[in-house]
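Subject: A structure for you to look through

Hello,

Here is the structure I promised to pass on to you. Please open it beside this message, and then read my notes below with the residues in view.

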Amino acid sequence: MLALAVDSLETTALTKAQLADMLYEQIGLNKRESKDMVDAFYDLIGACLVAGDDVKLSGFGNFQMRVKAPRPGRNPRTGELIPIAARRVVTFHPSQKLKEMLQDDAS
């Protein structure tokens, strides 16, 4: 397994640009190829979810598209009832392996 060094990142969030830089530095792809690969990966995941397909990343987790039903809501400022329309949302469920990694790191 390839260990990616993320300790040197300046922020707590991992960005697409940082992923591309890691591919460039650790795998040896050129910068353009690295950026294109990361963009293609995100585009493919997004397209699958938009099409209604689940995305399963072995050892990481599953992304699923879910339709939330319309429901009544309330404006917190005025208390007025406002209908909330049906919408599609993405949910993420971590794999057992990821859950174990997180628990091992916490102890």
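**What I found**

Please keep in mind that this is a predicted model, and that everything below was computed from it.

I would begin with helix α2, which runs over residues 31–50 and so has 20 residues. From its first C-alpha to its last it reaches 29 Å, which is close to the 28 Å expected at 1.5 Å a residue. At the start of this helix, a side-chain oxygen of asparagine 30 comes to within 3.0 Å of the backbone nitrogen of arginine 32, while just after the helix glycine 52 takes a positive phi of about 90°.

Which residues of α2 are buried? They are Ser34, Val38, Asp39, Ile45 and Leu49. These residues cover an arc of only 125° around the axis, and therefore they lie on the same side of α2. The face turned away from the buried side of α2 carries the exposed residues Arg32, Asp43, Leu44 and Val50. If you look for what covers the buried residues of α2, you will find that the cover includes α1 (16–27), β1, β2 and β5.

Strand β1 (residues 55–57) pairs with strand β2 (residues 61–68) in the antiparallel sense over three bridges, and here valine 55 stands opposite phenylalanine 63 in β2. The two strands β1 and β2 form a hairpin with three residues between them, and in the turn glycine 59 has a positive phi of about 80°. Strand β2 also pairs with β5 in the antiparallel sense, over eight bridges, with asparagine 62 standing opposite histidine 93 in β5.

Finally, please look at serine 95, which is found in the loop between β5 (87–94) and α3 (96–106). Is serine 95 buried or exposed? Its relative accessibility is 16%, and because buried means under 20%, serine 95 counts as buried. Its side chain reaches the backbone nitrogen of leucine 98 at 3.1 Å. Leaving aside neighbours within four places in sequence, serine 95 is in contact with Gly59, Phe60 and Gly61, and of these Gly59 is the glycine with a positive phi in the turn between β1 and β2.

Best wishes

How values were computed. Residues are numbered from 1 along each chain as its sequence is written. This is a predicted model: local features need pLDDT of at least 70, side-chain atom pairs count only at pLDDT 80 or more; totals for chains, interfaces and linings use all residues. Side-chain values use heavy atoms; hydrogens and water are left out. Helices (H or I, at least four residues) and strands (E, at least two) are DSSP runs, numbered from the N terminus. Buried means under 20% relative accessible area, exposed over 50%, partly exposed in between (1.4 Å probe, protein chains only). A polar contact is a pair of N or O atoms within 3.5 Å; within protein, one must be able to donate a hydrogen and the other to accept it, and residues adjacent in sequence count only if both atoms are side-chain atoms. Contact means heavy atoms within 4.5 Å. Two strands pair if DSSP finds at least two bridges between them. The expected span of a helix is 1.5 Å times one less than its number of residues. The arc is that of the directions from the helix axis to the C-beta atoms.
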